[in-house]
Amino acid sequence: MFQTLYSYFWWERLWLPANLTWADLEDRDGRVYAKASDLYITLPLAFLFLIVRHLFETYVATPLAGLLNVKEKVRLKATPNAVLEKFYAATTKHPKQADVEMLSKKSGCTVRQVERWFRRRRNQDRPSLLKKFREASWRFTFYLIAFIAGMAVIVDKPWFYDLREVWKGYPIQSMLPSQYWYYMIELSFYWSLLFSIASDVKRKDFKEQIIHHVATIILISFSWFANYTRAGTLIMALHDSSDYLLESAKMFNYAGWRNTCNNIFIVFAAVFIITRLVILPFWIMHCTVFYPLDLYPAFFGYYFFNFMMVVLQLLHIFWAYLIIRMAQKFITGKVVEDERSDREETDNSEEEEVAKNGPLSNGHPVLNNNHRKTD
């Protein structure tokens with residue numbers, strides 16, 4: 001049965017245009033072609049990325065955070081309470097009013113004290129500023145290096161300037177060593193992001209992030225199987241062109257360099273919109289949808305590849321909406337926050353903390369009156 005499923009999965013009509021077989025893509029005369037077995041290396045490389053990330057965050061990002069004066073907010077901790085802790089861990093972190101009243105009777109606390117306890121307890125579980133900075137530093141470093149490497153791989157290729165060259169001779173297009181390593185490293189990195197997503201900073205677009213990582217892995221893998229490597233290198237470089245800007249803006253945001261963060265974010269927003277909402281749909285997707293039909297009839301792989309491109313494009317539109325909302329706040333002079341992130345919850349009834357610790361900002365002592373460090 002396994003052999004039957006294997007045969008159906010690798011049926012040539014799914015992956016290749018009519019009248020072509022896998023035998024046409026066997027290495028010969030010094031020409032090397034992409035093979036599915038090449039991608040096995042990406043899984044151990046993904047775990048290697050996780051190790052390198054840990055070392056980078058420990059020995060590079062953490063000292064860098066100190067140099068940039070990344071300061072952690074002082075968070076008021078919830079008073080230990082077995083009744084409330086059990087409900088928090090086993091039932092919900094956001095109790096309804098009826099639950100609050102019930103817990104008030106069980107724990108011997110007032111309703112206001114129960115509400116305050118849950119606010120503080122939720123704030124305790126939110127990721128620290130240092131964790132956010134370290135994560136942004138790692139992604140910034142990878143995306144910047146990947147973008148520079150990607151441009152080095154494609155800038156001297158004819159299909160970088162003439163998109164019809166993407167399909168010249170397809171699928172009998174030999175693979176270059178630079179293309180091989182670009183693919184392996186990019187795919188390994190996205191596997192590592194998927195493996196670590198549960199422990200990374202969790203944002204409101206958590207589900208969209210999972211969809212993005214899965215769609216990217218499928219798209220990169222499929223483009224390798226079907227020898228869409230020329231189009232694939234263009235798409236990967238296009239995505240890396242704006243990602244490092246966003247991560248650098250986050251880093252400066254966490255460091256309290258608000259003006260620098262704002263300026264970088266404006267550049268990021270412009271690059272994101274131009275690359276993801278203009279170049280990708282009107283140049284790259286136009287290339288993958290229309291140009292192949294001049295060479296061969298549409299087949300399953302053609303439809304599948306372009307379907308995954310549409311999925312990515314829908315995610316880009318969703319994120320562009322969030323970016324535009326943030327850009328509007330720049331124009332109106334409002335405080336800018338990452339629309340995807342949870343905010344620290346306000347605890348306005350802390351008279352005793354006001355007297356003890358001084359003025360409070362968002363329920364916590366003010367550490368820096370000039371900057372508000374949010375993700």
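The legends below describe close-up views of a predicted model.

Residues are numbered from 1 along each chain as its sequence is written, and side-chain values use heavy atoms, with hydrogens and water left out. Because this is a predicted model, local features need pLDDT of at least 70 and side-chain atom pairs count only at pLDDT 80 or more, whereas totals for chains, interfaces and linings use all residues.

**View 1. The protein chain as a whole.** The protein chain has 13 helices and 2 strands, where helices (H or I, at least four residues) and strands (E, at least two) are DSSP runs numbered from the N terminus. Of its 375 residues, 48% are buried, a term that stands for under 20% relative accessible area, with exposed meaning over 50% and partly exposed lying in between (1.4 Å probe, protein chains only). Among the contacts in the protein chain with a separation of 6 or more, 79% join residues 24 or more positions apart, a contact being heavy atoms within 4.5 Å.

**View 2. The second largest pocket.** This pocket holds about 570 Å³ of space. On a 1 Å grid over the protein atoms alone, a pocket is an open set of points with protein on both sides within 12 Å along at least five of seven lines, a cavity is a set where a 1.4 Å probe fits but cannot get out, and lining residues have an atom within 4 Å of a point. Grid points are joined across faces, edges and corners, and a volume is the space filled by probe spheres set on the points. The second largest pocket is lined by 20 residues, of which Trp10, Lys35, Ala36, Ser37 and Phe225 are the closest to its centre. Two or more lining residues come from each of α3 (42-67), α8 (177-196) and α9 (206-225), and α9 supplies the largest share, 4 residues. By class the lining has 14 nonpolar, 3 polar and 3 charged residues, with Ala, Val, Leu, Ile, Met, Phe, Trp, Tyr, Cys and Pro counted as nonpolar, Asp, Glu, Lys and Arg as charged, and the others, Gly among them, as polar.

**View 3. The second largest cavity.** Cavities of 30 Å³ or more number 4 in this model, and the second largest cavity has a volume of about 140 Å³. Its lining consists of 14 residues, with Thr216, Leu219, Ile220, Ile235 and Met236 nearest its centre. The elements giving two or more residues to this lining are α8, α9 and α10 (229-254), and its residues divide into 7 nonpolar, 5 polar and 2 charged.

View 4. The structure holds 37 aromatic pairs, for which rings of Phe, Tyr and Trp (its six-membered ring) must have centres within 6.5 Å, planes under 30 degrees apart counting as stacked, over 60 as edge-to-face and the rest as tilted. One of them joins Phe49 and Phe142 edge-to-face, at 5.6 Å centre to centre with 85 degrees between the planes. Phe49 lies in helix α3 and Phe142 in helix α7 (residues 129-154), so this pair ties together parts that are 93 residues apart in sequence. Both Phe49 and Phe142 are buried. One aromatic cluster has among its members Trp15, Trp167, Tyr170, Phe222 and Phe225. The charged end of Arg164 sits over the ring of Tyr291, 4.1 Å from its centre, under the rule that NZ of Lys or CZ of Arg is within 6 Å of the ring centre and within 35 degrees of the ring normal.

View 5. Ser188, in helix α8, is buried with a relative accessible area of 0%. Leaving aside neighbours within four places in sequence, Ser188 is in contact with Thr42, Leu45, Ala46 and Phe49. Met285 belongs to helix α11 (residues 258-290) and counts as buried at 11% relative accessibility. With neighbours within four places again set aside, Met285 is in contact with Leu280, Met309, Val310 and Gln313.

View 6. Most residues other than glycine have a negative phi, and most peptide bonds are trans. The peptide bond from Tyr170 to Pro171 is cis, with omega near -5 degrees, and Pro171 is found in the loop between α7 and α8. Asn69, in the loop between α3 and α4 (82-90), has a positive phi near 60 degrees and is partly exposed, with a relative accessible area of 44%. Asn227, in the loop between α9 and α10, has a positive phi near 65 degrees and is buried, with a relative accessible area of 2%.
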